[in-house]
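Take a walk through this structure, one stop at a time. Keep the sequence beside you as you read.

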Amino acid sequence: MTRLSGGLIDRSKVLSFTFDGVRYSGHPGDTLASALLANGVQLMGRSFKYHRPRGVVSSGSEEPNALVELRSGNRQEPNTRATVAELFDGLEARSQNYLGRLDRDLLAVNDLLSPFFAAGFYYKTFMWPKAFWEKLYEPAIRRAAGLGRVAEGADPDAYDKGFLHADLLVIGGGAAGLAAALTAGRAGAKVILADEDSRFGGRLLAESHLLDGAPATQWIEGVLAELCTMPNVRLLPRTTVFGVYDHGIYGAVERVADHLPTPGAGVRQTLWRITAKRAVLAAGATERHIPFADNDRPGILLGGALRAYANRWATAPGTDRPVAIFTCHDEGHRTALDLQARGVPVAAVIDSRNDAVAQGDYRLIAGGQVSGSQGRLGLRGISVTTASGTEAIACGALGVSGGWNPNVHLSSHHRGRPVWDDTLGAFVPGPGGPGGLLVAGAARGKGSTALALADGAEIARQALAELSITAPVIALPQAEDTAPNGTTLWHVPGKGRAWVDFQNDVTVKDIALAHKENMRPVEHLKRWTTLGMATDQGKTANVTALAVMAELTGKTIAETGTTIFRPPYTGVSLAVLGGGDTGPDFRPRRLTPTDVFAKSQGAAFVEVGQWMRAQYFPKPGETHWRQSVDREVIAVRRDVGLCDVTTLGKVDVQGADAGEFLNRLYSNMMGTLKVGMVRYGLMLREDGFAYDDGTCARLAAHHYVVTTTTANAGLVFRNMEFARQCLWPELDVQLISTTDAWAQIAVAGPKSRALLERIVDGFDLSNAAFPFMACAELTICGGLRARLFRISFSGEMAYEIAVPARYGNALMERLMQQGADLGVTPYGTEALAVLRIEKGHAAGAELNGQATAAMLGLGRMVSQKKDSIGAIMSRREGLAGETRRLVGLIPEDGQGAIPGGAHLFTEGAARNMETDQGWVTSTCHSPHLGHPIALGYLEGGDTRLDEVVIAANPLEGTETRVRVVSPHFIDPEGERLRG
Amino acid sequence: MLIPHPLLGLRDAAEFTYLGDAALLNRPDPGAGEAAFCDYVYLRDNPAGVHRELWYHEQGDRSWLVVTRNTLTHEILGAELARDVKGGAA
């Protein structure tokens, strides 16, 4: 154990966890990384490409190396950064990306072959022969590369999404963020403070600086206590704001239960969509490392991370040897002092500046650079080169401090370009970033504690002033205010490999090669070397790489440019993006008014659009769906059947110009329809193709009710509103969708009139009084208002009766009860489809968006006397010349099934596009005829009755000889309808 | 995105259905002929910059809006009821 004194861990509790199957212990407050270091574990994984042994580099979400798999079974989660994984009792963690054992990875052979794996290696090597890619190269590369393994099964945890609104969103809860939130909170503004860490405080938790002479945690706790009392402030710890979207919308993931073994009854993570009038980005800064030969050994960390592990987590890497520091900055000296204060011996501070001055009692090597390192699985020593030569220094850990890069990421999400600040030696947020987002503190280079505090408060005041909210000036604690003092050192020149991007194994040499091969623009450099393209998105690599490229090209960094950062800031799981919209909750389910009845009958259900419709109603003894469907079809043809047709869209059209409006929408005339009558209507798209059909009933002079297909209910209504508002706003017409308001039941079959007579309140249903295509408003069952339409989809004498939706189920049950002696039978969507195919009515398969009215046999329905949507374009050459027509098809042998989607060919013709004569649209077994039937489009079909053609299904290599017949398999004269 | 609905104030874009170029308001006169309709149906401007486009408040009050939006920045410069735009043009 390497535990130092102090720290923000709760030593009163011990947590047990395993890493690669070995049991260790830690304390509440630990991360997996800090607990592993405290247990003396430095080797945490293998690198992506060369399988180099790697240890933790950072102490935060920028971590490139310490990627681990957490948990097991279906909760197994790969590529989790050990630096942000909170320790809990029973945590299982495993290292990744090796074959065999982590300490003897067989794939480490890649490292020996590294001369072959230079930048662009894959692009250059696996190009040829082309056929080898899919079968040989890619599977082998995929096996060897990649990081962790995902769980095979479904994620057992629940996720959620939610919406939040704020005047001010503060991103980051360090010194600047806390000062901003407190300022805004006291001003009474609605504030959200989000921080990715489990604990607010940011770098204040990692440093030894005092605030008002006391440990920083005292001030932090005071601020948090005050914020918690404010009803206008919401604190979101463990929440990463990962992206900025348009108009002040921010995406954030709250890791509600990632720090617990399981979420229990709650959710694992929540996706928040935060709409904020203003936001303060107080995301702090990420420390830079300095590439030198073999700078990737376990035990080589960022200097700031060493301080964080010592001060916050009371631990230090490297148990048996002292720690060395490599810096170009005063920062490195602070690391030495902090470590010494905690009792960690410091071997030396190597400062690249010749004029560096020691700030305490440690050995300083001024004007020195670390030029190499030793130790296979953990650091054993370093080589230090000065003007006078090279010296070996034994050490178990090295802290590298190359300066700080402001975390500008979110400020560059809307093509905002960071700008180079020569004084700071860093990129700071530039102009043109997301509107409403202001940057404060170290995220814009104001990195001392005092500056960050003051800047956070001031930027919050500015943001609120833009909203006309006056914020008070808050008292800030006395804090450290050292001006940054250092130089920039981008890499140590030398022969060995010096890593720039640890996670994707990109070295200074790779960048030099990209430069040599003219991949110099930043975006090319990235793609050629894969720099910055790993799961960490190059948080510790990008700026250094730019600087190296700038050096190679002889340009300044400002001239070299920068890359665009895109969301997400850190990885976001697909599960939380789904937010619980999975399985049956994927989208809303709409239940029909007779759902209770259908369930009581044991119906099978099918999704139609969002609706759950009864598909068929199996009776005891029926073992195959066809048995049920055939029985239902025959019942309709012989007696009477009932089907819930509520799902068809219904639009109520009222107004003095309703008739004229419908004339313009439908290809056929509706204005001339008599009150009390219904007409079939066909709608075209403006491009002239048919897109929907339905019925149009005129209930009163200025009142129509039109129906649409189930699938197009939303689209037709939208288009009707478009016509009303955007094309002809001068017409006096009003629309309302009444699809959900009225339950509608089809009562179909020769005994339908007899059944309805039993429930209407003295309404004359005789053929003379209520003929085919009549409609009326009436009452039934002793006073219930209803609408009755004598329309038929089945070809039988049929009615559709509509009642207010809440009576739908009762009506269905009443009809079943009243019709028991008539043989009344409920039927589902399958029987509905068979009935309409037998009758030759078009449905979705025929109205597929490529059919003209003429193809449907409805060419004459496009009125020549008036304009309507699509009328003009339906007459253009390509459409008017369309000669395919809807036909019926029966198997020549009287029994072979006709495959749906089969294409039609003349006998003896080749089977290709040129000879294609059409296709089969709908197919079924006709219980009425006792053999399979189909509908299809056939070239000149209306003139080819009785011809035998071939229905070919080349996908399955089957062909069926089919005879062309009328599409009206039943009652072509329509006598049943009018009976 | 947030769309400033002229009647309802700022509304989330998720409540809307997008159609595109507001030139669809200008349906040709039926006598204008096939070529005019062909242009109307198939040809749309797709500028990089300020664009007037149609949005339908489908999950809201069913208003069709003409929204003026910069397609490069997503800045929304204004939103009007389509029927007012159409009325003004008539």
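This is a predicted model: local features need pLDDT of at least 70, side-chain atom pairs count only at pLDDT 80 or more; totals for chains, interfaces and linings use all residues.

Start where the two chains meet. The contact takes 29 residues from chain A and 29 residues from chain B. Between chain A and chain B, about 2500 Å² of area is buried. Carbon and sulfur atoms give 56% of that area. Three residues of chain A stand out here. His247(A), Arg718(A) and Gln725(A) supply 24% of the area that chain A buries against chain B, more than any other three residues.

What holds charges together across this interface? Look for salt bridges: the rule finds 5 of them between chain A and chain B. One example is the salt bridge between Asp867(A) and Arg27(B). The closest N and O atoms of that pair are 2.7 Å apart. The general idea is simple. Side chains of opposite charge can pair when their charged atoms come close. Polar contacts can be counted too. Between chain A and chain B there are 14 residue pairs in polar contact.

Which parts of chain A build its side of the contact? Strand E15 (269–281), helix H18 (713–727), strand E39 (734–737) and helix H22 (871–874) of chain A each supply at least two residues. H18(A) gives the largest share, 9 residues. Now sort the side of chain A that touches chain B by class. There are 12 nonpolar, 6 polar and 11 charged residues.

A search of the whole structure finds 65 salt bridges over all chains. Take Arg149(A) and Glu69(A). Their side chains meet in a salt bridge, at 3.0 Å from N to O. Arg149(A) lies in the loop between helix H4 (132–144) and strand E8 (159–171) of chain A, and Glu69(A) lies in strand E5 (residues 67–70) of chain A, so the pair ties together parts that are 80 residues apart in sequence. The two partners differ in how they meet the surroundings. Arg149(A) is exposed, with a relative accessible area of 51%. Glu69(A) is buried, at 2% relative accessibility.

A second pair involves the loop between H4 and E8 as well. Arg75(A) forms a salt bridge with Asp157(A), and their closest N and O atoms are 2.6 Å apart. Arg75(A) lies in the loop between E5 and strand E6 (77–81) of chain A, while Asp157(A) lies in the loop between H4 and E8, so this pair ties together parts that are 82 residues apart in sequence. Arg75(A) counts as partly exposed, at 24% relative accessibility. Asp157(A) counts as buried, at 10%.

Glu622(A) and Arg631(A) meet in a salt bridge, at 2.4 Å from N to O. Arg631(A) is partly exposed, with 22% relative accessibility. Elsewhere, salt bridges form a network. It links Arg52(A), Arg54(A), Asp294(A), Asp296(A), Arg297(A) and Asp505(A).

Now turn to buried places. Helix H7 (residues 303–311) of chain A is mostly covered: 9 of its 9 residues are buried. Among them are Leu306(A), Arg307(A) and Tyr309(A).

Thr695(A) is another buried residue, at 16% relative accessibility. Find Thr695(A) in strand E37 (residues 690–700) of chain A. Which residues does Thr695(A) touch, not counting those up to four places away in sequence? They are Tyr666(A), Val678(A), Arg679(A), Val705(A), Val706(A), Thr707(A) and Ile791(A).

His413(A) sits in a loop instead, between strand E25 (404–406) and strand E26 (419–421) of chain A. His413(A) is buried, with a relative accessible area of 10%. A polar atom of its side chain lies 3.2 Å from the backbone nitrogen of Val244(A). Beyond four places in sequence, His413(A) touches residues including Phe242(A), Gly243(A), Phe565(A) and Pro567(A).

Finish with two regions named in a record. In an unreviewed entry, UniProt places "domain: SoxA A3" at residues 495–580 of chain A. That stretch is 44% helix and 6% strand, and its end C-alpha atoms are 53 Å apart. The UniProt annotation "domain: Aminomethyltransferase C-terminal", also from an unreviewed entry, covers residues 884–971 of chain A. Here the chain is 0% helix and 49% strand, with end C-alpha atoms 23 Å apart.

Key
Residues are numbered from 1 along each chain as its sequence is written. Chains are lettered from A and ligands numbered from 1 in the order in which they are written. Side-chain values use heavy atoms; hydrogens and water are left out. A salt bridge is a side-chain nitrogen of Lys or Arg within 4 Å of a carboxyl oxygen of Asp or Glu. Helices (H or I, at least four residues) and strands (E, at least two) are DSSP runs, numbered from the N terminus. Buried means under 20% relative accessible area, exposed over 50%, partly exposed in between (1.4 Å probe, protein chains only). Contact means heavy atoms within 4.5 Å. Buried area is the accessible area (1.4 Å probe) that two parts lose on being put together, summed over both. A polar contact is a pair of N or O atoms within 3.5 Å; within protein, one must be able to donate a hydrogen and the other to accept it, and residues adjacent in sequence count only if both atoms are side-chain atoms. Ala, Val, Leu, Ile, Met, Phe, Trp, Tyr, Cys and Pro count as nonpolar, Asp, Glu, Lys and Arg as charged, and the others, Gly among them, as polar. UniProt positions are given in the numbering used here, feature names are shortened, and annotations may be inferred rather than shown by experiment.
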